[in-house]
Amino acid sequence: MAALQNDLAQLIQAQGEQGPFVSIFMKVSPYERDIAEDKATFRNLVQQAKKTFISRFTEKAWASYHEQFTNVLQQQRALGNNGAASIVVVVGQADTFIYPLAQEVANSAHVGDTVYALPLIANDQFSWDYHLLKVSQDSIALWDVTEGVATPVELPAEAPTTRAQALGTELTNGKTRTTRTGLGAGQAVHGNDPKEASQASDTQNYFKQVDDYVLANYSKTTQKPLVLLAVSENQAVFRKLSKNKYLLKNTELSKVPAKLDRQTVAQIVAQINQQLAAEVLAVLQNEVDRARSAKKYISDFGAITQRVTEGNVDTLFIAADAYVAGRLVAGELDTSSTAAKATNLLNELSVEVLQLGGQVYVLPESELQADATAILRRPDQE
């Protein structure tokens, strides 16, 4: 399970003793020049949160939250500038959690008895940890992708970073080379490799070294999947030679941008995650079809709310950007209080499902045709 999910679970489990929670979501800039602007935006969102907080609680109770938000600004030189598209800062009575997010989110501030989890779920649900290996016939580059954020890996001196470095004098390059045969000194046979054949040989030898090195030093040690970024010709050659069982078979990118800066790599990661997400969505659709056959699938919102409170929801699907006013209080539905009208019931249901070990996915409304649908643990008897 990803670190983000672990921390989210800790927050959810601690909500009784640590709430209320203030959650700040905001887009961040990757550029140094925008640090001051990001911090100004953050201060404005904190002020929005304060107004909501003291309308429900007290200004005296806000003091500890104010202190924690002030510490965030003082301790974080830059809120962005780490490859993230957005961040979320969650503050409870005692703890502060700061997460980089790979997806852009709308700037917003949320105050509630539970953590506002929906944007976190949306960010994390199709965000995998893996290594991204860019391969050409002359060089390689490697990124570590964690929680959707790509960080360049500084390869050590002994790594086969370039073909010339890896093969050295073994390079043929179509030039005349001498091979010695027999026992007598001076007996030599001179030959000339056709350029294409020698280039192909050098490429294969180089790819073998790259594959062995990445497998031994990164894939085996971390057990992270490996995604290959290479033009089609190199994709085919590398995959044919590779012995790395962590290399993903059905996930690849064959269009290699000329410039791989931070923004371009982030776009590549997004493309990879789209491919991986499509595979997961296909699996989820199969699970929905099976659940329908077993009478374990429901789409009536009132029934979903009831089944959540009964602990009978295995997987909950929430429509992105949907909002239903209401909250759960000791398992009972409240839709009339001031606090309930300011609370997204869909978030409350999601937190409840996660607490009970279920799964939650935030999907486009077009996929669901409803605010929420659910797969039950036990067949619906109604």
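Q: Which residues line the largest cavity?
A: The largest cavity is lined by Gly83, Gly148, Val149, Ala150, Arg262, Val265, Ala266 and Val269, where a cavity is a set of points on a 1 Å grid over the protein atoms alone at which a 1.4 Å probe fits but cannot get out, and a lining residue has an atom within 4 Å of a point. Among elements, β7 (149–152) and α9 each give two or more residues to that lining, and α9 gives the most, with four residues. Helices and strands here are DSSP runs, H or I of at least four residues for helices and E of at least two for strands, numbered from the N terminus.

Q: What should I know about where these values come from?
A: This is a predicted model, in which local features need pLDDT of at least 70 and side-chain atom pairs count only at pLDDT 80 or more, while totals for chains, interfaces and linings use all residues. Residues are numbered from 1 along each chain as its sequence is written, and side-chain values use heavy atoms, with hydrogens and water left out.

Q: Ok, back to the cavity: how much space lies in it, and how many of 30 Å³ or more are there?
A: The structure holds one cavity of 30 Å³ or more, and about 50 Å³ of space lies in the largest cavity, with volume taken as the space filled by probe spheres set on grid points that are joined across faces, edges and corners.

Q: And the largest pocket, how much space is in that?
A: About 820 Å³ of space lies in the largest pocket, a pocket being an open set of points with protein on both sides within 12 Å along at least five of seven lines. Of the 33 residues that line the largest pocket, Ala85, Ala102, Gln103, Glu104 and Ala266 are the closest to its centre.

Q: Which elements supply that lining?
A: Two or more residues each come from β1, α3 (35–56), α5 and α9 (262–293), and α9 gives the most to the lining of the largest pocket, with nine residues.

Q: Switching to the sheet with β1 in it, what's the strand order?
A: Four strands form an open sheet in the order β3-β2-β1-β4, with antiparallel pairing; two strands count as paired if DSSP finds at least two bridges between them. The edge strands are β3 (96–101) and β4 (108–112), each of which pairs on one side only.

Q: How do β1 and β4 pair up?
A: Strand β1 (residues 21–27) pairs with β4 in the antiparallel sense over five bridges, and the bridge partner of Phe21 in β4 is Gly112.

Q: Which helices lie on it?
A: Helix α4 (residues 59–75) lies across β1, β2 (86–91) and β3, running at about 145° to β2, where axes are lines fitted to C-alpha atoms, for helices over the stretch in contact, and angles run from 0 to 180 degrees between N-to-C directions. Helix α5 (residues 118–125) packs on the sheet as well, touching β1, β2 and β3, and its direction makes about 45° with that of β3; contact means heavy atoms within 4.5 Å.

Q: Is α5 buried or exposed?
A: Eight of the eight residues of α5 are buried, so α5 is largely enclosed by the rest of the structure; buried means under 20% relative accessible area, exposed over 50%, and partly exposed in between, with a 1.4 Å probe and protein chains only. Among the buried residues of α5 are Leu118, Ile121 and Asp124.

Q: And Ser64, where is that?
A: Ser64 lies in helix α4 and is partly exposed, with a relative accessible area of 29%. The C-alpha atoms of Ser64 and Gly92, 28 residues apart along the chain, are separated by 8.9 Å.
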